[in-house]
Amino acid sequence: RPTPVCSVRQLAPASVNHLLLDDNNKPFGRPHAPGADAAKRLARRCCDRTGGRTFPRRPIPTPTPRRYSGNAHLIDQDQDQDSSLCGLCRAGPGGRAAHRGRPCAGASVRGSSMKFAQILLKSVPGQVERFSRYSPSPLSMKQFLDFGSSNACEKTSFVFLRQELPVRLANIMKEIDFLPDKLLSTPSLQLLQSWYAQSLMEIVEFLDKDPDNRQVLSGFTEALINIRNRHNNVVPTMAQGVVEYKEAFGVDPVTNQNVQYFLDRFYMSRISTRMLMNQHTLIFHGSTNPAHPKHIGSIDPNCDVVEVVKDACESSRMLCDQYYLMSPEVEIKQMNAKAPDQPLHLVYVPSHLYHMLFELF
């Protein structure tokens with residue numbers, strides 16, 4: 001006689017919201033999610049009717065992680081629905097209205113096997129709980145300069161980052177999980193969470209590896225480069241998710257204030273995490289820029305403020321001319337209190353200064 005089978009996980013609704021389950025088959029971080037409780041009730045009814053035996057006639061389709069296909073639309077793979085529509089269109093009239101007349105981006109998804117994805121996602125909650133207990137280590141610009149200029153050691157950097165990066169990723173993933181359920185259910189947020197989960201698990205793989213092995217150090221650097229490239233579109237993806245949420249459900253002032261508070265922390269966390277990865281990859285496996293030979297990673301010890309201001313101004317003027325067919329003239333004056341006849345220089349990351357000035361212009 002076959003062993004009775006009644007799998008709550010098989011009977012759970014096919015929704016990406018319930019991919020991250022704990023030992024009680026409830027979504028991680030959201031103990032009151034109705035989907036898991038409904039699945040349990042459904043499983044109990046099936047067991048009562050069949051004497052403890054449940055043999056589904058066909059397997060319920062398992063959702064796949066959402067991926068990009070185009071500039072702004074995120075799509076999932078579902079053979080039972082039209083694969084030429086994005087997630088917004090399949091959500092119904094309200095979702096299609098979010099396009100505002102823009103064409104749908106079609107769908108073509110490439111990815112790893114679902115079995116690997118399920119194993120990966122199953123182990124994520126435990127790692128998030130493990131590393132989110134710790135606080136990120138504060139670092140100053142002076143510490144970056146001292147380490148990169150005098151005693152830069154790839155082994156030391158590797159040992160530090162394999163512990164520090166998971167802490168930073170896990171802490172921000174924990175905060176993401178506290179967002180409103182409707183915002184978390186948007187395709188953009190689902191994709192973003194999958195990026196962070198995959199990056200966390202890739203770094204965790206190096207926790208038990210030998211730092212004296214050159215292949216391990218090289219593999220770690222390659223992993224950091226892949227993670228950095230994977231997260232290149234985090235900012236527009238998060239923005240798209242907030243837009244989808246507001247257009248589909250609206251937002252009240254209190255929720256809007258809470259989301260804005262989260263976004264400030266989220267983007268600051270992203271900047272600090274990318275700063276750590278950039279310093280490691282540029283110092284130990286980067287080529288020296290002939291135009292800036294004195295740079296220490298991404299830091300310029302003698303950053304020319306006026307030159308960065310000019311670059312940001314020219315870029316903003318070009319954008320203004322493109323959209324409005326005109327742009328104002330900008331007059332730049334510098335005042336150096338310590339050395340009035342000398343130009344302004346400071347220790348900073350030129351790209352960070354450029355982005356801030358560009359937004360101001």
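In the predicted model, Met-326 is placed in the loop between α13 (305–324) and β4 (345–348). With a relative accessible area of 58%, Met-326 is exposed. Met-326 belongs to a nonpolar patch on the surface, together with Leu-319, Tyr-323 and Tyr-324. The accessible area of these four residues together is about 530 Å².

For the chain as a whole, the secondary structure amounts to 14 helices and four strands. The chain has 361 residues, of which 37% count as buried. Among contacts in the chain with a separation of 6 or more, 73% come from residues 24 or more positions apart.

Of the 18 residues of α9, 16 are buried, so the helix is largely enclosed by the rest of the structure.

Side chains of opposite charge can pair when their charged atoms come close. Across the whole structure, the search finds nine salt bridges. One of them joins the side chains of Lys-155 and Asp-212, with an N to O distance of 2.8 Å. This pair links distant parts of the chain, the two residues being 57 residues apart. Lys-155 lies in helix α7 (residues 154–176), whereas Asp-212 lies in the loop between α9 (187–204) and α10 (214–230). The two partners fall into separate classes of accessibility: Lys-155 is partly exposed, at a relative accessible area of 35%, and Asp-212 is exposed, at 53%.

A salt bridge is also formed between the side chains of Arg-230 and Glu-202, at 2.7 Å from N to O. Because Arg-230 lies in helix α10 and Glu-202 in helix α9, the pair ties together parts that are 28 residues apart in sequence. Arg-230 has a relative accessibility of 16% and therefore counts as buried, the limit being under 20%. In a further salt bridge, between Lys-333 and Glu-331, the closest N and O atoms are 3.9 Å apart. Both Lys-333 and Glu-331 are exposed.

Buried polar side chains were considered next. Glu-244 is located in helix α11 (residues 234–249). Its relative accessibility is 4%, so Glu-244 counts as buried. The side chain of Glu-244 is joined to that of Ser-188 by a polar contact of 3.1 Å.

Thr-255 is found in helix α12 (residues 253–285). Like Glu-244, which counts as buried, Thr-255 is buried, in this case with a relative accessible area of 16%. When residues up to four places away in sequence are not counted, Thr-255 touches Pro-180 and Tyr-245.

Terms used. Residues numbered from 1 in each chain as written. Predicted model: local features only at pLDDT ≥ 70, side-chain atom pairs only at ≥ 80, totals over all residues. Heavy atoms only, no water. Buried < 20%, exposed > 50% of the residue type's maximum accessible area, 1.4 Å probe, protein only. Contact = heavy atoms within 4.5 Å. Polar contact = N/O pair within 3.5 Å; in protein donor to acceptor, adjacent residues only side chain to side chain. Patch = residues over 30% accessible without salt bridge, like charges linked within 9 Å, V, L, I, M, F, W, Y side chains within 5 Å. Areas by Shrake-Rupley, 256 points an atom, 1.4 Å probe, with all protein chains shown as cover.
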